[in-house]
Amino acid sequence: MRGKVYWVFLIPSAMVLIVFFLFPLLIMLYYSFLQRGIYGGFEPIENLKEYIFSFAWLKNYIRVFDSLYIPIYLRSIYIAILTTIICLFIGYPVAYFIALKVKPENKILYLFLIIVPLWTSFLIRTYAWILILRDEGLINLFLLKIGLINKPLPLLYNEFSVLLGLIYGELPFMILPIYASLEKIDISLIEASKDLGADEFRTFKRVILPLTLPGIIVGVTIVFIPTLGSFIVSDLLGGAKSILVGNLIQNQFIVARDKPFGSAIAFVLSSFVLVLLYIYRKFWGGKIEVL
Amino acid sequence: MKVRFLTIVLFSIFTLIFNSCSRSKNEVNVYVWSDYLSQDVIEEFEKETGIKVNLDTYDSNEALLEKLQTGVSKYDVVVPSDYMVQILIRQNLLHEIDKAKIPNLKHINPRFLNLQYDPENKFSVPFFWGTTGFAYRKDKVGKLPETWSVLFDEKYKGKILMLDDMRECFAVALKLLGHSINETDTSILLKAKEILANQKKLVKQYNSSGFDQAILSGDVWIAHGWSGQLVKIAESDSNIVYVLPKEGGTLWIDNLAIPKSADNIENAHIFINFLLKPEISARVSEFSGYATVNETAKKFINQKYLTKQRYPDEEALKNFELMQDLGTVTKLLDRFWTEIKSQ
């Protein structure tokens with residue numbers, strides 16, 4: 001009797017996954033095979049058999065690979081990779097510092113400082129960057145005042161501000177998993193390495209880095225994926241001047257009223273991410289279980 | 001035993017969720033543009049009629065269409081603009097309005113009635129109107145001619161803002177070429193696209209929500225935008241001038257309408273009639289910065305708001321047009337717009 005009851009406790013999480021993840025995904029897949037109606041919505045299918053055999057349902061997927069959109073995908077991937085790399089190079093030292101150099105009683109304070117901005121909506125924090133970066137913003141006013149520049153630096157509405165916004169938003173998600181894996185390292189391993197004559201750098205390379213690889217992998221994954229699909233930052237901080245794949249999808253749903261095409265792009269993007277994750281698992285599969 | 005307990009728990013959670021969805025009877029669910037209705041107007045309506053108002057807001061016609069198309073949300077009064085009324089009618093999403101229940105219709109300026117998008121006003125009642133033009137900072141650029149071509153002038157590179165709105169940007173280019181904003185000829189649209197593509201390097205940002213703030217703060221010197229917000233800042237800052245270009249542009253009319261899915265049809269009529277009361281229309285117009293279509297209401301509006309900027313005359317509006325839905329051409333425009341944005 002007792003053993004049989006436990007599956008009941010799986011219901012809530014299974015329900016959440018089915019209702020909020022699987023179900024919408026299936027609807028999206030279905031949409032992506034339809035055609036856009038004139039006023040949004042969908043073109044009704046008159047002859048299902050003909051529709052299937054004429055491969056009309058593939059139209060949206062063929063359009064996804066139209067040469068018009070390829071530069072947008074490449075740009076999005078480039079920006080996502082750049083953001084991830086910079087986050088890693090800033091995030092690792094910060095995590096290292098908090099995990100190994102800070103006094104144990106102060107760690108909580110440093111972690112708190114990293115987490116606290118997440119309590120405010122990302123949208124509001126992005127707007128705050130507009131106030132900081134714009135021509136009459138904090139930075140430019142300060143630099144003008146001390147006489148370092150005589151006309152405002154163009155800090156906002158370009159590639160720099162988009163990258164800055166993305167890095168700013170994703171950095172905590174790089175720091176936290178790396179911190180978690182650094183924290184788990186047995187200090188005696190580091191001491192052993194030093195006792196055996198390895199210098200600081202060698203210890204880092206041969207002991208610490210391999211042990212924190214799982215954290216790095218998790219950090220890279222959870223920074224790269226949202227960055228690839230983001231659209232708010234390029235809209236607000238980029239002045240909506242260049243499109244990322246996230247904007248492309250959003251435009252299909254809101255402006256062009258082409259839900260089927262939007263769904264198709266979203267599906268191709270998700271599949272791309274899944275393939276990446278699969279490759280990850282294949283190479284570093286065993287190490288991801290840490291988190 | 002445990003299973004039964006859990007079933008009961010789950011069941012009560014579901015009933016709770018569904019119960020909170022069903023609302024009390026005497027109310028009206030209103031879905032309007034943000035910054036449109038002030039709290040005191042809502043409170044006055046509730047006090048006068050005893051009907052509770054549930055207010056929800058949106059910031060684009062397309063967002064409204066999306067909500068009504070899914071059919072999940074139950075709204076009783078919505079405020080689509082002209083071309084969106086046309087789309088909603090064609091999609092059979094609007095409820096016919098019983099004019100007998102809206103005696104205040106008599107106050108509306110006939111110029112705004114029986115227009116192409118709803119020829120007999122069977123489904124919509126005009127409420128506000130305005131234009132799309134541009135504003136500039138006199139203190140930075142001096143006095144400018146009243147033409148769209150200043151938005152394409154190399155001199156103002158990096159100091160220009162355009163609405164992040166496909167149709168409005170194409171309207172500017174089409175007017176510069178001497179065509180209608182509702183042009184559907186591919187070769188003309190292609191020319192318009194090239195004009196906008198060349199302009200891109202001059203544009204600092206495309207923005208449809210903060211264009212007034214951008215020019216007010218001096219971030220840009222020339223801003224393409226809607227009359228409501230731009231006229232408001234031009235009135236508060238004498239350095240800012242709002243211009244209706246001589247080539248013409250978009251004229252728009254916002255309309256009150258009742259969605260087909262509405263639950264409280266009776267209350268919706270009462271609410272619409274209330275908003276059309278001259279003194280109420282006047283207050284809403286002063287608050288939002290938009291021009292009222294209600295002739296009688298003008299008597300109640302503070303003289304300082306009855307300017308030529310808010311109420312341009314027929315002469316100034318000569319070349320201004322209502323936007324129409326372009327059907328499948330939207331797809332082509334979207335392609336052009338994507339090309340411009342991604343280059």
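How much of residues 73-280 of chain A is helix, and how far apart are the end C-alpha atoms?

**View 1. The annotated domain of chain A.** Residues 73-280 of chain A are 78% helix and 0% strand, with end C-alpha atoms 21 Å apart; helices (H or I, at least four residues) and strands (E, at least two) are DSSP runs numbered from the N terminus. An unreviewed UniProt entry annotates residues 73-280 of chain A as "domain: ABC transmembrane type-1"; such annotations may be inferred rather than shown by experiment. This is a predicted model, in which local features need pLDDT of at least 70, side-chain atom pairs count only at pLDDT 80 or more, and totals for chains, interfaces and linings use all residues. Residues are numbered from 1 along each chain as its sequence is written, chains are lettered from A in the order in which they are written, and side-chain values use heavy atoms, without hydrogens and water.

**View 2. The interface of chain A and chain B.** Contact (heavy atoms within 4.5 Å) joins 36 residues of chain A with 36 residues of chain B. The buried area, meaning accessible area (1.4 Å probe) lost on being put together and summed over both parts, is about 3,200 Å², and carbon and sulfur atoms give 56% of it. Tyr39(A), Lys241(A) and Arg257(A) supply 21% of the area that chain A buries against chain B, more than any other three residues.

**View 3. Salt bridges between the chains.** Four salt bridges are counted between chain A and chain B, each a side-chain nitrogen of Lys or Arg within 4 Å of a carboxyl oxygen of Asp or Glu. Lys259(A) forms a salt bridge with Glu66(B), with the closest N and O atoms 3.4 Å apart. Helix H13 (residues 245-254) of chain A gives the most to the side that touches chain B, with four residues.

Terms used
Buried area = accessible area lost by both parts, 1.4 Å probe.
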